[in-house]
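Here is a short briefing to read beside the structure. Keep the viewer open and find each part as it comes up.

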Amino acid sequence: MSYKIPMGPYHPALEEPYKLDMICEGETVSDAKLHIGFNFRGIEHLAETRNYIQVIALMERVCGICSNIHTLTLCQAMEKLTGLTPPPRAKYIRVVIAELERLHSHVLWAGIAAKLMGFKTMFMTCFELREQVMDVLQAISGNRVNYSMNRIGGVNRDIEDPMALVAMVDALEKEMVRKVIPILTTSSTARSRCAGIGVLTHEKAISCGVVGPVARASGVGQDLRRAAPYAAYDEMDFEVPVQPDGDVRARLLVRALEIMESCKILRQALTKMPAGELNTGDGKFNFITGTATSRVEAPRGEVMYSVSWREHARNPSRVHVRTPTFVNMPSVRYMVLGARLADTPLIQASIDPCYSCTDR
Amino acid sequence: MTTLELIPEATAETSPWTEEGGVFWLNYSDLNVREVANAMNALQARFITVTAYQLPKEEGLRLEYHWDIDGRLLGFVFTLASKSIESIYDLCEAADWIEREIHEGFAVDFTGRVYEPLLLRSGDMMGVNLREICSPEPPAAGSVGKEEVAK
């Protein structure tokens with residue numbers, strides 16, 4: 001006999017509201033349907049009523065975790081429409097903030113995953129590490145969530161002493177290598193909860209068009225920082241971790257290795273940061289009529305903005321946001337097929353979903 | 001000439017592709033969306049999204065389809081006078097949610113597919129053009145500031 005088990009829209013396993021309707025045969029999931037939209041705010045529509053300064057502040061609020069990525073992608077698109085190129089120092093600062101945000105996002109996810117595994121001690125450890133990253137972001141920007149770092153043609157704030165941050169990166173990397181990564185990747189608790197669970201095959205990953213760590217954990221080695229470099233990523237030396245298994249453990253491993261690569265990128269960006277201006281244009285620029293597109297590798301995968309503007313207009317005529325969770329989320333349906341019901345909270349969390357981004 | 005035949009010519013001097021705003025656009029007037037989807041599948045391109053634009057007055061809608069090949073962003077434009085276009089959901093599974101979203105927000109009918117219950121909005125009306133229901137009013141000149149923030 002089959003029966004339907006709804007998970008959400010409000011459920012202890014969900015950080016934000018969405019709904020997974022699962023059809024179960026005993027304890028095994030035989031089919032699932034996803035429902036989103038519980039956070040739909042019409043931000044794209046609202047953006048059409050905001051000028052070029054206000055729209056940056058608005059889009060920063062699409063997501064509370066990767067807020068910087070949204071303004072970076074938006075500003076890069078608007079720079080194409082204004083012909084402005086950020087100065088080298090601004091590009092390096094953009095890399096530093098983006099990688100700090102990736103660290104903060106991945107460590108946060110590791111904590112939540114640990115909590116869902118029933119590993120509360122590791123949850124506390126991860127959140128302590130995350131706090132250190134957020135302290136650095138706060139020291140640079142004055143804010144813990146919405147950093148307001150990006151502007152058209154550069155950045156709003158400088159990193160006055162980049163070398164002072166290297167010590168933080170070293171300390172964080174040491175803690176990750178000493179505590180978090182070994183326990184999450186080798187402990188029997190983590191292994192029993194993650195290995196062979198929630199598999200997304202390589203073929204399904206391609207047909208679903210998944211992005212970011214979810215794709216890379218299914219053997220799809222795509223990363224825009226490498227494939228279509230932006231900011232100063234073409235000057236950074238780093239690896240793109242790829243795992244073939246497609247299970248929750250592979251997603252965990254990819255993110256763990258990405259934390260190490262982020263530390264490597266941060267160290268390079270901080271030590272090689274060139275002196276110079278923070279922005280170009282001096283606040284004077286004109287938009288040309290047209291549409292520009294920009295893509296950035298967010299912690300969860302590719303973010304794409306299409307921005308349309310008419311010359312002399314105050315507001316954009318269209319801002320379209322394609323977020324990573326919007327494409328990763330439908331693949332959860334395949335991940336939970338055949339899974340035990342008790343594993344589904346961890347499986348859905350393994351894509352590091354952001355419903356705030358998805359619903360916009 | 002099919003889309004598939006056109007793509008390898010992207011670097012030739014007489015290329016039908018033009019780079020603009022970070023996208024390689026295919027300037028080919030007689031494109032068919034399903035033919036494009038088949039060509040992209042054959043090239044193992046990754047589907048990214050569809051962006052819908054409301055054109056002024058009676059001009060209808062413009063849909064921009066995007067695929068990625070090895071970091072290169074490809075774009076295909078379709079102008080809809082009748083608010084209808086063939087679905088590529090059966091050819092490209094990744095297009096499912098964005099087709100549903102555009103159907104719900106712009107009332108575009110993607111023919112040849114079945115819509116599941118509403119993806120994003122609440123209510124029971126499937127295809128509604130939100131811009132026609134709630135058009136954002138541009139503020140009067142010189143009124144930047146408090147009024148807009150208060151909205």
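This is a predicted model: local features need pLDDT of at least 70, side-chain atom pairs count only at pLDDT 80 or more; totals for chains, interfaces and linings use all residues.

The predictor gives the complex an ipTM of 0.86 and a pTM of 0.87. Chain A and chain B touch, with 32 residues of chain A in contact with 27 residues of chain B.

**Confidence**

- Chain A has an average pLDDT of 89, and 100% of its residues score at least 70.
- Within chain A, helix H9 (residues 212–216) has the highest confidence, at 94. Helix H15 (residues 355–359) of chain A has the lowest, at a mean of 81.
- Chain B has a mean pLDDT of 77, and 77% of its residues reach 70 or more.
- Residues 142–151 of chain B have a pLDDT below 50. Beyond near neighbours in sequence, this stretch makes six contacts in the model.

**Where the chains meet**

- Several elements of chain A each supply at least two residues to its side. The helices are H8 (202–208), H10 (224–227) and H12 (324–328). The strands are S6 (290–298), S7 (301–309) and S8 (318–322).
- S6(A) gives the most to this side, with six residues.
- Sorted by class, the side of chain A that touches chain B has 11 nonpolar, 15 polar and six charged residues.

**Helix H4 against helix H5 in chain A**

- H4 (residues 88–117) and H5 (residues 120–141) of chain A pack at an angle of about 165 degrees. Their axes are 8 Å apart.
- Angles over 145 degrees count as roughly antiparallel, so H4(A) and H5(A) are roughly antiparallel to each other.
- The crossing of H4(A) and H5(A) is left-handed.
- H4(A) brings residues including A:Leu100, A:Leu103, A:Val107 and A:Lys115 to the contact. Among those they meet in H5(A) are A:Phe123, A:Phe127, A:Arg130 and A:Leu137.
- By class, this contact of H4(A) with H5(A) has 15 nonpolar, two polar and three charged residues.

**Helix H5 against helix H6 in chain A**

- H5(A) also packs with helix H6 (residues 162–186) of chain A, at an angle of about 165 degrees. The axes of H5(A) and H6(A) are 11 Å apart.
- That angle makes H5(A) roughly antiparallel to H6(A).
- The crossing of H5(A) and H6(A) is left-handed.
- On H5(A), the contact residues include A:Met122, A:Thr125 and A:Gln132. On H6(A), they include A:Leu165, A:Glu175, A:Lys179 and A:Ile183.
- The contact of H5(A) with H6(A) divides into 11 nonpolar, two polar and two charged residues.

**A three-stranded sheet in chain A**

- Three strands of chain A form an open sheet in the order S1-S2-S3, with antiparallel pairing.
- Strand S1 (2–7) and strand S3 (28–35) of chain A stand at the edges. Each has a single partner strand, so one side of each is left without a neighbour in the sheet.
- Ignoring direction, neighbouring strands of this sheet are turned by 20 degrees against each other on average.
- Strand S2 (residues 19–25) of chain A is joined to S3(A) by seven bridges. A:Cys24 stands opposite A:Val29 in S3(A).

**A five-stranded sheet in chain B**

- Chain B has an open sheet of five strands in the order S1-S2-S5-S4-S3, and the pairing is mixed.
- The edge strands are S1 (17–20) and S3 (46–54) of chain B, each pairing on one side only.
- The twist averages 30 degrees from one strand to the next.
- S1(B) and S2(B) pair in the antiparallel sense over four bridges. B:Glu19 has B:Phe24 in S2(B) as its bridge partner.
- The hairpin of S1(B) and S2(B) has two residues between the strands. In this hairpin, B:Gly21 takes a positive phi near 60 degrees.
- Strand S2 (residues 23–26) of chain B runs parallel to strand S5 (residues 72–80) of chain B, joined by two bridges. In S5(B), B:Gly75 is the bridge partner of B:Trp25.

**A helix across the chain B strands**

- Helix H3 (residues 96–106) of chain B lies across S3 and S4 of chain B. H3(B) runs at about 10 degrees to S3(B).

Methods
Residues are numbered from 1 along each chain as its sequence is written. Chains are lettered from A and ligands numbered from 1 in the order in which they are written. Two residues are in contact if their C-beta atoms, placed from the backbone, lie within 7 Å. Ala, Val, Leu, Ile, Met, Phe, Trp, Tyr, Cys and Pro count as nonpolar, Asp, Glu, Lys and Arg as charged, and the others, Gly among them, as polar. pLDDT is the predictor's confidence in each residue, from 0 to 100. Axes are lines fitted to C-alpha atoms, for helices over the stretch in contact, and angles run from 0 to 180 degrees between N-to-C directions. Angles under 35 degrees count as roughly parallel, over 145 as roughly antiparallel, 65 to 115 as roughly perpendicular and the rest as oblique. A crossing is left-handed if the near helix is turned anticlockwise from the far one by less than a right angle, and right-handed if clockwise. Two strands pair if DSSP finds at least two bridges between them.
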